Amino acid sequence: MKSTGSGILPTIVLDRNAGRSLQRQIYDSFRSGIIERRLRPGQRIPSTRALATELSISRFPVLNAYAQLVAEGYLEGRVGAGTVISRLLANPAPSDDRPEAGATGSGRRPMARRASAIAAPRNAPWFHGIGAFGLGQVAFDQFPLPVWSRIVARRCRRMDAKATHYGEITGSKVLREAVATYLRTSRSLRCEPEQVVIVSGSQQALELTVRVLLDPGSRVWMEEPGYELARQVFRLAGCNLVPVPVDAEGLNVDAGIRLGRKARAAFVTPSHQFPLGVVMSAARRFRLLQWAQANGAWIIEDDYDSEYRYESMPIASLQGLDDHARVVYIGTFSKVLFPALRLGYIVLPVDLIEPFRAVRRVLDIGPPTFHQEVLAEFIAEGHFARHIRRMRGIYRERKDMLVDSIRSELGSEVETPGAEAGLHLTITLPARCREIEIAERAAQQQLWLWPLSRYYTGRGAQPGFVLGFGSAGLKEIRPAVRKLRNLIS
Ligand SMILES: Cc1ncc(COP(=O)(O)O)c(C=O)c1O
């Protein structure tokens with residue numbers, strides 16, 4: 001076991017009038033810290049010199065207290081590694097009847113109703129695996145790590161005192177400029193760098209958008225089926241969701257108008273609907289914009305993976321068609337680079353810039369600066385464009401292999417909607433199929449199947465699977481589809 005803690009000073013309060021020696025007080029502090037598990041086995045404690053200096057006392061009482069704790073087996077000293085809490089105390093029995101931190105005693109303790117209504121992340125087996133057919137995953141081994149590491153190292157070397165101060169509330173100017181150029185050029189957005197807000201992924205983009213635009217009780221159109229993490233953000237804000245069905249043309253706008261004409265906002269994934277993968281038709285796009293304009297509603301456009309379009313040129317964004325500044329556009333680097341980066345962006349109508357700045361300042365003052373600047377350099381040197389071009393080819397091969405394997409292994413009657421773009425597609429199954437049971441059995445064979453019905457809130461859920469192919473190697477795909485066939489049959 002490695003030592004941890006690196007000699008962090010524990011809280012020790014000495015009382016010279018306590019009637020107990022300093023040595024005894026130090027001994028008692030460590031002993032109770034260990035018994036109460038505030039100090040854990042393997043954790044390194046400060047040197048006698050550091051502790052004596054911190055407590056403004058001579059080293060002798062500290063030396064004597066440590067010697068006694070070592071003699072009694074609470075501490076162990078190791079040459080070169082300093083003194084650590086004894087590893088032999090790895091699982092001490094609870095010392096007294098105080099509950100463990102977080103234990104609730106009887107019943108639930110009070111918390112915000114909205115927070116308790118949010119489901120805890122499900123510990124479903126398909127959440128954990130990488131490879132065929134995990135969702136939200138990219139081809140991790142294809143990312144140009146040497147290039148990225150070189151830029152990181154260069155920027156580290158160049159860091160000065162200014163770089164350690166708070167950054168800009170809406171994100172580094174260099175990255176906002178790079179993002180605006182990229183979006184104007186490849187996604188047909190109408191935007192200037194001032195309209196761009198850098199955030200930690202689409203998830204924070206949504207959270208911020210909801211805080212600025214919506215009130216508790218605001219009605220929001222939500223795609224049905226739709227992206228669960230978006231739904232949860234609206235729920236957490238106390239919004240009333242209006243599930244609007246999705247068909248082969250995307251969100252059914254007329255159904256939305258019937259169900260909730262007066263809604264304050266609509267959340268849509270028009271370029272590649274999540275999870276069904278359909279593309280919103282031009283007619284529906286104009287109808288949606290028209291509705292928003294006529295009703296003073298906002299459109300929240302989540303454009304999370306449309307860089308990867310295989311059958312035709314990328315579809316222009318809704319934002320680019322919007323003449324009335326009703327669209328808040330959200331994008332992410334999670335799919336085009338990697339999700340751990342936690343970088344994404346919002347493009348705002350001009351009149352929303354100031355309200356977003358004000359609310360964002362309260363939320364987190366601004367995004368961390370370092371990786372924004374690394375990314376801006378990565379883009380400026382052309383690596384970003386090159387990476388997208390290369391990955392489009394790789395993902396196309398994977399997608400073709402997947403569609404082909406589905407046809408040959410599952411039969412041509414199984415449809416694969418959503419295969420024109422992005423990193424996932426869906427297959428639907430006959431109503432009698434027990435998708436959850438299949439997914440659980442699949443996980444035991446290292447096959448990660450995400451049940452389609454989980455993305456529906458109402459009745460009408462269709463059994464099926466959302467299959468991610470981002471992190472599935474080409475050779476892995478056909479055998480994985482065979483496994484799927486065996487499980488279904
Ligand atoms: C519909 C949708 N939006 C956004 C994202 C990306 O979220 P983030 O940028 O927070 O990583 C995903 C990821 O899987 C997604 O499926």
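Domain bounds here come from an automatic or database domain assignment. With that in mind, colour the chain in three parts: domain 1 (4-89), domain 2 (144-381) and domain 3 (386-488). The centres of domain 1 and domain 2, taken over C-alpha atoms, are separated by 51 Å.

Before you go on, note that this is a predicted model, where local features need pLDDT of at least 70, side-chain atom pairs count only at pLDDT 80 or more, and totals for chains, interfaces and linings use all residues. Residues are numbered from 1 along each chain as its sequence is written, and side-chain values use heavy atoms, with hydrogens and water left out.

**Stop 1: a helix pair, α2 and α3**

Helices (H or I, at least four residues) and strands (E, at least two) are DSSP runs, numbered from the N terminus. Select residues 48-55 for helix α2 and residues 59-71 for helix α3; the two pack at an angle of about 130°, with their axes 9 Å apart. Axes are lines fitted to C-alpha atoms, for helices over the stretch in contact, and angles run from 0 to 180 degrees between N-to-C directions. That angle makes α2 oblique to α3. For such angles, under 35 degrees counts as roughly parallel, over 145 as roughly antiparallel, 65 to 115 as roughly perpendicular and the rest as oblique.

Now show the side chains where they touch (contact means heavy atoms within 4.5 Å). From α2 come Thr48, Arg49, Leu51 and Ala52, and from α3 come Arg59, Val62, Leu63 and Tyr66. By class, this contact of α2 with α3 has five nonpolar, one polar and two charged residues. Here Ala, Val, Leu, Ile, Met, Phe, Trp, Tyr, Cys and Pro count as nonpolar, Asp, Glu, Lys and Arg as charged, and the others, Gly among them, as polar.

While you are here, click on Arg37, in the loop between α1 (22-35) and α2. Arg37 has a positive phi of about 65° although it is not a glycine.

**Stop 2: the eight-stranded sheet**

Next, look for an open sheet of eight strands with mixed pairing, in the order β3-β10-β9-β8-β7-β4-β5-β6. Two strands pair if DSSP finds at least two bridges between them. At the edges are β3 (196-199) and β6 (250-251), each pairing on one side only.

Zoom in on strand β9 (residues 327-332) and strand β10 (residues 344-347), which pair in the antiparallel sense over four bridges. Thr332 stands opposite Gly344 in β10.

Helix α9 (residues 253-260) lies across β4 (219-224), β5 (240-247) and β6, and runs at about 155° to β5.

**Stop 3: two cis peptide bonds**

Which bond joins Glu224 and Pro225? It is a cis peptide bond, with omega about 0°. Pro225 sits in the loop between β4 and α8 (228-236). Another cis peptide bond runs from Phe274 to Pro275, with omega near 10°. You will find Pro275 in the loop between β7 and α10.

**Stop 4: α7 beside α8**

Select helix α7 (residues 201-213) together with α8: their axes come within 10 Å and cross at roughly 30°. That makes α7 roughly parallel to α8. In the contact, Gln203, Leu206, Glu207 and Val210 of α7 meet Leu229, Ala230, Val233 and Phe234 of α8. By class, this contact has six nonpolar, one polar and one charged residues.

**Stop 5**

Finally, find the open sheet of three strands in the order β11-β13-β12, with antiparallel pairing. Both β11 (424-428) and β12 (450-451) stand at the edges with a single partner strand, so one side of each is left without a neighbour in the sheet. β11 pairs with strand β13 (residues 464-468) in the antiparallel sense over five bridges, and His424 stands opposite Gly468 in β13.

Helix α13 (residues 383-410) packs on this sheet, touching β11 and β13, and its direction makes about 15° with that of β11. α13 also packs with helix α15 (residues 474-488), at an angle of about 30° and with axes 9 Å apart. The two helices α13 and α15 are therefore roughly parallel to each other. Among the residues that meet are Met401, Leu402 and Ile406 in α13 and Ile477, Val481 and Leu484 in α15. The contact of α13 with α15 divides into nine nonpolar, two polar and seven charged residues.
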